[in-house]
Each structure stands twice: as structure tokens, then as C-alpha cells.
Amino acid sequence: MVLHRKALESQLVSVLQGCTNLKKVKEVHAHIYRNDLHQCSYVITKLIRVLTVLHVPVESYPRLVFSQVQNPINPFLWTALVRGYALKGPLSEAFRLYASMRTEGIGPVSFMFSALFTACGAARDATLGAQVHAQTVLVGGFESDLYVNNTMINMYVKCGSLHCARKVFDEMSERDVVSWTELIVAYAKTGDMGSAQELFDGLNVKDMVAWTAMVTGYAQNAMPKKALEFFERLQNEGMEADEVTLIGAISACAQLGASKYANWIRDIAENSRFEPAKSVLVGSALIDMYSKCGNVEEAHNVFARMKQRNVFSYSSMIAGFAMHGRAHAAIELFYEMLKTETKPNHVTFLGVLTACTHAGMVEQGQRVFETMEKCYGVAPTADHYACMADLLGRAGHLEKALQLVQTMPMEPNGGVWGALLGASHIHKNPDVAEVASSHLFDLEPDNIGNYLLLSNTYASAGRWDDVSRVRKLIKEKNLRKNPGCSWVEAKNGMVHEFFADDATHPEIGEIKKALDDLMERLKGIGYQPNLSSVPYDIGDEEKKRLLMAHSEKLALAYGLLGTDPGSTIKIMKNLRICEDCHIVMCGASKITGRKIVVRDNMRFHHFLNGACSCSNFW
């Protein structure tokens, strides 16, 4: 008889496991009553768990079922109800129930604490989580429970108490891959890649989650070389990267802008389960990568071969065309997208408006901006207003841009005022620059770029007293300017980095000689240094010396030496290219017959036969 009862209990639990709706659960519940098993903690525990999974309000059905058990001494039965409240709320009821259980003298099980830690983590309540932590010690026997400690680490991580999570980890007598990986991921998300790598290196068996955390962590924290180093290590271990890791590596390639890495990662993607023709996410990431590596044609080839496209792939391609100054192609693709069932989002419109901005297409940009919400249900954000301020300002409509900013339905952010300040600098308008910078100094008090742009605007207007005033302010605030940096890819794929006035490169002697030779040839076709590109009240000869020391000129000279004749020279720069360097790049493309591509922090410039793709509108 006992054996038959045990078999029936197991059968009913198995049937409950397969229930997918409340009607089926109620039918099984009826069988439980008919077979006099409504006092069986084993069966009732399973019934409560299934009801929780089916999102039945805990206070109604599950609590009623629990209350009908006459002698609830089974800790798993209590845990099922506590877990229900912990997951579905209210959390306070879960703790009241836990207290009642302890009053009854019933000891908790590890699942009880795991449920409470999970709930505290979801509520981001570290104080409550610490109280549960104290209970695991007071009750005893759980300090060395691996499952409890792992959920405790997870709780502290979610609550932002990473130091507490690390303390739990360090004191654990036993750890598994989950323990290590939880912290590695947390450190990577906060940008502490040193701690993340320390833990990663100490992990004997590394799973894909840990590898992904390292690759994406380095990529997201602007350390692309380290991201690719870890991705290569993953490949050498014989592991197949998952989609997220692959996209992280592609993102790192996009940051580097080097074709050697781009082609390498493309080959890996093509031979994986996530080939770009079939994976929309990988395909979209590759479009972005090739665009940022200066090869918008290859980006479009990836786009054209994709069997399925969504808003991300269209938006990536539109943004790619925009950053390369191909405004008409970007807008044409936007209208092609509208003919499909793909609905544009805010990123799509940022791409289209950026395209209009780089080409000075004011009327087209205004039409698109006006139809965003009216026709497509996409409300403009501050970023869209920044694009419009940039579009109007660059085109010389500074008063219209200022009026737009002052009548925005939301508070203008740094991007909006920054666009207006940039436009003021282009058109040498210190009055509007003062308005924009006054807001920027409140919003971004430590952003030295805003102070320098205002100073340069004063300098272009010859207001040297104001220049001195701003530079004194920079000194008082102890702000440091990011040094100009450019990097160029040699024919062997190695990336060479140059800083302004750099003398550290092993071939600096040959580089400077090549640059001197180039400048002499440029003078022969009429080049004159643009001294206004130096915003200092110094002598002309010193200005010429400073212009010759710009990092992109050094990179150009090395590119002429270190790449095959006739090949494209690709230069990446961390700051905006100056007017003089822009003139030099145009002239160099003419006298050398080489195509030169420069990516600055705003856009791509394609120089060929003495002209730039930006048509000098930048």
C-alpha cells in the first residue's frame, strides 16, 4: 500500500510538471484530493511551484493550498510559498512567512535563501540582502553552501555592492565556474578590467560566459587590442565563439579601424554558425565595422548579401553612408527601407539627419525631422535636436539654430549646446559661442574640449584678451588636453601610432624627411600654411612649426613610406582634423596619385585627385 502511494505521488508530481495552464493544474488538484494527498508536503510543494510558474497570484490559490496543510513542518513546502512571494511579491510577505517558519522551529533549506537573495537582487535592496546574509550565518550550516553563496554574490552584484560580492567570493571554501564568472562579468561591466582579468587568469576551466565577458568588456571599455587578444586566445583554445562574443570582437575591430583585423574577423564570422548573410546581428555589426574601417563599399556588400534585414541593418548602413559623406545614398536607402515593412527607429533618423548635416542638405533634413513623429511615431530626442542644431549651424543659420535650441520641448543636453558651439567656431561667431559655452560649462564643467573650442573661436576673431581669460580658467581648473593622436596601418597590417610633435617612432628621421619632401612639393603647386589653424598669439614661424608637428601629417608621411605605391592610405585620428591638415591631405592626394582616407572624431574624409568627399563642408 505504501509503495502504491509513493508511486501515485511520483506520478502526480510528474503530471504537474507537464501542466501548461491553470485548467490542467486544477484537474490534477482534484485527483490529489480524491486520492487523499492534499496533506502530502511532497505533492503540495510541487503544486505551489507550478502555480508560481504559471503566474497565479500567490495570495489567492497557492496561499490557500498551503493553509490547508494541517501540519506544515516540511521546509520545502514553506520554501515553495516563500519563493512565490519572493518572485511575484510582495517581498515583505516573503520575509513575514520566513519569520513565521523560524518561529515554528522549522529550519530553512538552501533554496529558501537562494529565493530570498534573488528577490533582494531584483529589488536592488542591498540592506535587506545583508540581513538575509546574516541569517545564513546565524542559522548555521550555509556559510559553505556553494549554491547559496553563488546567489549571494549575484545579489550583491545586482545591488551594486561589488566589494561585498568579492568578500563573499574570497571567503568561499568551495567555488565553481559560476562563482568566478559572476564576478568576472560584474568587473567587466563596471570597467575594472584589471580585476576581471585577474579572476579570469585564475579560472582553470573557462566557459563561454567568461570569455564573452572579457572580449566584450575590453571592447566596451575602449581597449580594442586587448579585446582582440582575448578573442584570438579563445580561437586558439579551439572554442567556437557565440554570437555575443563575435559581435564584441567585431566592435573592437571597428574601434581600431584596421583592415587587417576587419578581414580576419570577417573570415571567422563567415565560417561560423552566425555567418553575416543569415545572422542579422552579426551582419549589422560587420556593416558598422567596415564603415568605421573606411571601407563603406565592403559594408554595402555585406548589406546586399544579407538574406534578412531589420531596422538595425538598415540603420547601420544608413549611418555608414552618412559618416562617409554619401548623403544621397543614405537618404535613398532610407526611402527604400520605408517601402518595406521595416519601421524606422530613433537610430535610423539620427543616421539620416547626420547625412544631411555632413552634406549641408538643410531643407531635406528639416523635412525628415518634421515627419519623424507625425508620420512614423518616433518622438525626437535631444540627440535629434543636436543633429538639427548642427545642420542649421554648419549651414550658417546660427540664429535659427539658437532659436531651435531655446524652444526645445526638453532641456538641451551637452550634445545640443556642443553642436551650437562647434557651428559658432566654424563661422567665427564668438557671441553665439559664449551663449553655448555658458551652458556647457554648467553641464560639463571638466570637458576641456568646450573651453578650447571657445578659446579658438575667440582666437579666430582676434579677441586675444578673451583667449587669455579662457586659458587662465583652464589652468585654474587644472584641465588637461587630450594629445592629438593618429594611427595608420602599414602594408604588413601593423598599426603605427603617432602623437603631436612625436619623436619616439624608430623611423622618425625618415618620416620627417618624407614629410619635408612632401611639403616642398606641395609648395610647388601653391600650398601656403593655414596659420589660422593655430589658435595661439605667437609668431608665424612658430605657428608653421606647430602645424608641421600635427599627428596626422606624421601618419601621412609614414603611410607614404610604409604602404605599397598606389594603395590607399588610411589614417584614424582621435580629434577633429584641422583646416591646414585638410588642405595638405587634398594636395598630397593630387601630387602622389594616392587615395587618402582620414577618419576623425566627426566623420570620414576621402581625398582623391586634390579633392575631398566632404566638398569642404565640414
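Colleague: Which backbone nitrogen does the side chain of Ser313 reach?

Modeller: Bear in mind that this is a predicted model. Ser313 sits in helix 19, which covers residues 311–323, and Ser313 is buried, with a relative accessible area of 0%. At 2.7 Å, its side chain reaches the backbone nitrogen of Asn310.

Colleague: And which residues does Ser313 touch, not counting residues up to four places away in sequence?

Modeller: Ser313 counts as buried because its relative accessible area is 0%, and buried means under 20%. Beyond those sequence neighbours, the residues that Ser313 touches are Val280, Ser284, Ile287, Phe303 and Met306.

Colleague: Let's go to helix 11. How far does helix 11 reach from its first C-alpha to its last?

Modeller: Helix 11 runs over residues 177–190 and has 14 residues. At 1.5 Å a residue the expected value is 20 Å, and the model comes close to that. From first C-alpha to last, helix 11 reaches 20 Å.

Colleague: What do the buried residues of helix 11 pack against?

Modeller: The buried residues of helix 11 are Ser179, Trp180, Thr181, Leu183, Ile184, Ala186, Tyr187 and Ala188. They pack against helix 9 (146–158), helix 10 (162–171), helix 12 (193–202) and helix 13 (208–220).

Colleague: How about the ends? Which residue follows helix 11, and which one has a side-chain oxygen reaching a backbone nitrogen at its start?

Modeller: After helix 11 comes Gly191, with a positive phi near 90°. At the start of the helix, the backbone nitrogen of Val178 has a side-chain oxygen within 3.1 Å, and that oxygen belongs to Asp176.

Colleague: Which residues touch the most other members of the largest nonpolar core?

Modeller: That core has 165 residues. It draws at least three residues from each of domain 1 (1–60) and domain 2 (72–175). The residues touching the most other members are Ile32, Leu246, Ile265 and Met289.

Colleague: What does Leu246 touch, leaving out residues up to four places away in sequence?

Modeller: Leu246 is one of the residues that touch the most other members of the largest core. With those sequence neighbours left out, Leu246 touches Phe231, Ala241, Ile265, Ile268, Ala269, Ser272, Phe274 and Val282.

Colleague: How many residues does the second, separate core have?

Modeller: Its members include Ile511, Leu518, Leu554 and Phe607. The count for this second core is 30 residues.

Colleague: On to charges. How many salt bridges does a search of the whole structure find?

Modeller: Side chains of opposite charge can pair when their charged atoms come close. Some of these pairs join up here, with Arg266, Glu270, Glu298 and Arg305 linked in a network. The search of the whole structure finds 27.

Colleague: How far apart are the closest N and O atoms of Glu27 and Lys24?

Modeller: Glu27 and Lys24 are three residues apart in helix 2 (residues 22–34), so about one helical turn separates them. Glu27 is partly exposed at 36% relative accessibility, and Lys24 is partly exposed at 37%. The closest N and O atoms in their salt bridge are 4.0 Å apart.

Colleague: Asp201 and Arg233 meet in a salt bridge as well. How many residues apart in sequence are the parts this pair ties together?

Modeller: The N to O distance in this pair is 4.0 Å. Because Asp201 lies in helix 12 and Arg233 in helix 14 (residues 224–236), the pair ties together parts that are apart in sequence by 32 residues.

Colleague: With which residue does Lys491 form a salt bridge?

Modeller: Lys491 is exposed, with a relative accessible area of 61%, and lies in the loop between strand 1 (485–489) and strand 2 (495–499). Its partner lies in the loop between helix 31 (551–562) and strand 3 (569–573), so the pair ties together parts 73 residues apart in sequence. The closest N and O atoms are 3.6 Å apart, and the partner is Asp564.

Colleague: How far apart in space are Ala500 and Leu546, C-alpha to C-alpha?

Modeller: Ala500 lies in the loop between strand 2 and helix 29 (508–524). Leaving aside neighbours within four places in sequence, Ala500 is in contact with Gly484, Ala549 and Ser551. Ala500 and Leu546 are 46 residues apart in sequence, and their C-alpha distance is 8.7 Å.

Colleague: Last one: how far apart do the C-alpha centres of domain 1 and domain 3 lie?

Modeller: The domain assignment gives domain 1 as 1–60, domain 2 as 72–175 and domain 3 as 485–612. Between the C-alpha centres of domain 1 and domain 3, the distance is 76 Å.

Technical notes: Residues are numbered from 1 along each chain as its sequence is written. This is a predicted model: local features need pLDDT of at least 70, side-chain atom pairs count only at pLDDT 80 or more; totals for chains, interfaces and linings use all residues. Side-chain values use heavy atoms; hydrogens and water are left out. Helices (H or I, at least four residues) and strands (E, at least two) are DSSP runs, numbered from the N terminus. Buried means under 20% relative accessible area, exposed over 50%, partly exposed in between (1.4 Å probe, protein chains only). A polar contact is a pair of N or O atoms within 3.5 Å; within protein, one must be able to donate a hydrogen and the other to accept it, and residues adjacent in sequence count only if both atoms are side-chain atoms. Contact means heavy atoms within 4.5 Å. The expected span of a helix is 1.5 Å times one less than its number of residues. A nonpolar core is a set of buried Ala, Val, Leu, Ile, Met, Phe, Trp, Tyr and Cys residues joined through side-chain atoms within 4.5 Å. Domain bounds come from an automatic or database domain assignment. A salt bridge is a side-chain nitrogen of Lys or Arg within 4 Å of a carboxyl oxygen of Asp or Glu.
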